[in-house]
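Here's a quick briefing to read with the sequence and the model side by side. Have both open before you start.

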Amino acid sequence: MADRTPQILFVEEDPILMEITAFRLELLGYEVVTCQSAERAIEWLHEQLPTLIIVDHVLPGMDGIEFINRLSNDTRTSDVPIILLSTNGDLEDVQKAYNAGADDYLVIPYDPMVLESKVERLATAMVPR
C-alpha cells in the first residue's frame, strides 16, 4: 500500500478547468480520476477511496457543499481530505465549506503553486476529523 501512487478524485463540471487541473496534478505525480457530477463521483466512491478529493462548488444536480456534507457523514469517506474549489471567496461561503467538512478551500482562478501546496499538505497526511 505504501508504494501506491496517491490518487485524487477531481469532481468538476467545466471540461477546460478539469483538463488543466488534472494535467497539473499528474505532472506532480498524482493519479487523477475525474467525474463531472457529484452523483457520478459517489458511484465511483462505492468502488474505491482516493487519497484526496477536490470538488467544485457549482455542479449539476448536487452542489459541492451538499456533496462534501454527504461524504463527511459517511463513515467510509469521512476521513478522506477534501478541497472545495469556488469562484467565490466570501468568508461566509468559505465557512459553509468548512462547516460541511471541507479541509481546505481554493478560489478559482487559482495560483498553481497554491494548489500544489494545498494538495501536497493534504495528500501526504490524512486529516483527522
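**Glycine 29 and the overall picture**

Glycine 29 is partly exposed, with a relative accessible area of 39% (under 20% counts as buried, over 50% as exposed and in between as partly exposed, using a 1.4 Å probe and protein chains only). You're looking at a predicted model, where local features need pLDDT of at least 70, side-chain atom pairs count only at pLDDT 80 or more, and totals for chains, interfaces and linings use all residues. Residues are numbered from 1 along each chain as its sequence is written, and side-chain values use heavy atoms, with hydrogens and water left out.

**Around glycine 29**

- You'll find glycine 29 in the loop that runs between α1 (15-27) and β2 (31-35).
- Setting aside residues up to four places away in sequence, glycine 29 touches Thr5 and Pro6 (contact means heavy atoms within 4.5 Å).
- Threonine 51 sits 22 residues from glycine 29 along the chain, and their C-alpha atoms are separated by 13 Å.

**Overall fold**

- The protein has five helices and five strands (DSSP runs numbered from the N terminus: H or I of at least four residues for helices, E of at least two for strands).
- Reading along the sequence, you get β-α-β-α-β-α-β-α-β-α.
- The radius of gyration is 13 Å, which agrees with the value near 14 Å that a compact globule of 129 residues would have (taken over C-alpha atoms; the globule rule is 2.2 Å times the number of residues to the power 0.38).
- Along the principal axes, the C-alpha atoms fill a box of roughly 40 × 30 × 25 Å.
- Of the 129 residues, 49% are buried.
- Take the contacts between residues at least 6 apart in sequence: 61% of them join residues at least 24 apart.

**Helix α3 (64-72)**

- In α3, the buried residues include Gly64, Ile65, Phe67, Ile68, Leu71 and Ser72.
- Looking down the axis of α3, its buried residues fall within an arc of 160 degrees, so they line one face of the helix (the arc is that of the directions from the helix axis to the C-beta atoms).
- Those buried residues of α3 pack against β1 (7-11), α2 (38-45), β3 (52-56), β4 and α4.

**Helix α4 (91-100)**

- Asp93, Val94, Ala97 and Ala100 are the buried residues of α4.
- Down the axis of α4, the buried residues fall within an arc of 125 degrees, so they line one face here too.
- Leu91, Glu92 and Asn99 are exposed on the other side of α4.
- The buried residues of α4 pack against α3, β4 (82-86) and β5 (104-107).

- Tyrosine 105 is part of strand β5 and is buried, with a relative accessible area of 8%.
- The contacts of tyrosine 105, leaving aside neighbours within four places in sequence, include Ile83, Asp93, Val94, Ala97 and Lys118.
- Isoleucine 83 is 22 residues from tyrosine 105 along the chain, with 5.4 Å separating their C-alpha atoms.
- Isoleucine 108 and proline 109 are joined by a cis peptide bond, with omega about 0 degrees.
- Proline 109 is in the loop between β5 and α5 (112-124).
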